[in-house]
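Q: Could you walk me through this structure? I have not worked with it before.

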Amino acid sequence: MPFRISAVLSPAEPVPPAPAALVVGVIRATPPADYFLDAGARELWLTGSLEGARALAERQGALLAGERGGLPPEGFDLGNSPREVRPERVRGRGVVMTTTNGTRAALRAAEAVPEVALAALVNAGAAVLWAAGRGDGVALVAAGREGRVALDDAYTLGALVTGLRARVPEAELDDGARLAEALFLAQPDARSALAASAAARALEPVGLAADVEVCARADALAVLPVLAERGDGALRFAPVYPKGV
């Protein structure tokens, strides 16, 4: 069977059956996840609710990270800015993270697909290498923003489609994948593309606009968070370093 690339651009779309999925929440969802593991965190847990995150962090003895409205909730150790991640803070620790959009997308993907990883521009090369070896196809799942399509996520899905086509030239694309690829190819400057998104503009009032530049750094990391365990409303990701990145 040919390798098939499907793109889920909106949270309103179902995740199609596939051997694997790459979940993308490129403005401060999947990039901090990638940076936590790159900085030496032992594992990363994602959960959808604040209450669930607090309870899980207490059980695991883990750091608590995430946001609501762009800022860390009361009692959290960290927000979800990739610029906050420091090896001396997270090395050897577990991290429990919850975000408004990204963690929900990961939970949706895990319900439909057996293998799931967290991708962004910062680890696109690692994500492409991993996904290209996962059987006969991959679903690219955008977190979106407030239930709608998000420019930053769609752009990053396009980068992943382009990378996958370079490795699997005969791949078949659905319409979502073609749209995402066209968007990516039309805008060669990632920082400008991400900065134009509603997610990026929402960071300005809370003083976190500088996060956009970090999220736009293509292939800054070689690590890929890959789903290792499904729990009750939570997902555990472990660091994987695909060979050849």
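This is a predicted model: local features need pLDDT of at least 70, side-chain atom pairs count only at pLDDT 80 or more; totals for chains, interfaces and linings use all residues.

Q: Then what does threonine 103 touch?

A: Leaving aside residues up to four places away in sequence, threonine 103 touches Leu46, Thr47, Gly48, Met97 and Thr98.

Q: Where is threonine 103 placed?

A: Threonine 103 lies in helix H4, residues 102-112. Helices (H or I, at least four residues) and strands (E, at least two) are DSSP runs, numbered from the N terminus.

Q: Is threonine 103 buried or exposed?

A: Threonine 103 has a relative accessible area of 1%, so the residue is buried. Buried means under 20% relative accessible area, exposed over 50%, and partly exposed in between (1.4 Å probe, protein chains only).

Q: On to H1: how many of its residues are buried?

A: Eight of the nine residues of helix H1 (residues 30-38) are buried, among them Pro31, Asp34 and Phe36. Just after H1, glycine 40 has a positive phi of about 110°.

Q: And which strands does S1 join?

A: Strand S1 (residues 4-8) runs parallel to S7 (residues 137-142), with five bridges, and parallel to S8 (residues 172-173), with two bridges. Two strands pair if DSSP finds at least two bridges between them.

Q: What stands opposite arginine 4 in S7?

A: That is glycine 137; in S8, the bridge partner of arginine 4 is glutamate 172.

Technical notes: Residues are numbered from 1 along each chain as its sequence is written. Side-chain values use heavy atoms; hydrogens and water are left out. Contact means heavy atoms within 4.5 Å.
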